[in-house]
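I opened my notebook to go through this protein piece by piece. These are my entries, in the order I looked things up.

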Amino acid sequence: MRTRTTGTSRRTSAAGAALAALVLGLTTACGGGDSGGGDKPAKPDAAATPEANDPKDPGQVSEPPALDEQPKTVDPKVKGVGAGGGKELTETELAAAVLATGDVSTFKVDPMDGPPPQGENADDPACAPLTAMINGKPEPVASAAVYRQLLGAKTGRPAISEFLTTHGTQGAVSLLSRLGDAVKACEDGFKGSGAGSSSTYSAVKRIDVPKAGDDTLAYQVTGDFEGDPVPLVFHVVRVGGTVATFYTANLEGTATPEIPLILLATQAAKLK
């Protein structure tokens, strides 16, 4: 297992405000605190240094999950909430429909704070849907949203974050369509700016994944922090007017981090 390094800290500190919040959320989720079920992860300590972390603790980075250890089918106890017909869920209904501890045996789920009020804006309007997702605020703007951290039940790894948003069927269809167009248009990268900082994204590429729900899109955005690439992966699933977004990052290398497909399938089943 790899530990968090000075390079990881430098990458994070060099990120723009929105992306730094995203990456720090993953880093905090998978290290530093009690890994017992149900405890809300501690907030990151801005004064912490790499040397202050336990060098034997591999939970300081997000690592690709062991896919062969994941369940192959959705737990039959998972029941849908009826969002597949286009029902626009309230925040309370989203909280009941989002993945919870026990839905996927290999993961526990904790609450996660919503994104900061200010995020990034893309230098190219065609890439705006990508920065909206990095901001944790997919567009068109959701009428309700909930945010969760998904952690490996045994080790606290991998760290994957999810936000579940409701847009109405037309809005949700538009969201995935615009996002797919942005992935194509921005494959050579783009820049984001806002909240007094800026970020550089060197590449965007689509990732092929099996369909879940009514529509599925997966892609990687590669952040460029002082010349170091940081791959960020997003998997987006639509069921009716509800959109589930999962994201994770590889803070230690250039390999594409993986998100277990059982998470997408289970969330789709819980929404239908």
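I started with a term: a nonpolar core is a set of buried Ala, Val, Leu, Ile, Met, Phe, Trp, Tyr and Cys residues joined through side-chain atoms within 4.5 Å. Buried means under 20% relative accessible area, exposed over 50%, and partly exposed in between (1.4 Å probe, protein chains only).

Housekeeping: this is a predicted model, where local features need pLDDT of at least 70 and side-chain atom pairs count only at pLDDT 80 or more, while totals for chains, interfaces and linings use all residues. Residues are numbered from 1 along each chain as its sequence is written, and side-chain values use heavy atoms, with hydrogens and water left out.

**The cores.** I looked up the largest nonpolar core and found 30 residues, of which Leu-130, Leu-179, Phe-190, Val-204 and Tyr-219 touch the most other members. The elements giving it two or more residues are α4 (128-134), α5, β6 (197-207), β7 (215-225), β8 (228-239) and β9 (242-249). I noted that α5 gives the largest share, six residues. Another core, of 28 residues, lies apart from it and includes Val-98 and Ile-262.

**The chain overall.** I got six helices and nine strands; these are DSSP runs (helices H or I, at least four residues; strands E, at least two), numbered from the N terminus. Buried residues make up 49% of the 272 residues.

**The disulfide.** A disulfide is a pair of cysteine sulfur atoms within 2.5 Å, and I counted one by this rule. It joins Cys-127 to Cys-186, with 2.0 Å from S to S. Cys-127 sits in the loop between β2 (121-122) and α4, and Cys-186 in the loop between α5 and β5 (190-194), 59 residues apart. The torsion about the S-S bond is about -110°, so I wrote down "left-handed". Cys-127 counts as buried because its relative accessibility is 1%, and Cys-186 is buried with a relative accessible area of 1%.

**His-167.** Where is His-167 found? I traced His-167 to the loop between β4 (159-166) and α5 (169-185). His-167 counts as buried because its relative accessibility is 11%. Leaving aside neighbours within four places in sequence, His-167 is in contact (heavy atoms within 4.5 Å) with residues including Glu-88, Pro-138, Leu-175 and Val-243.
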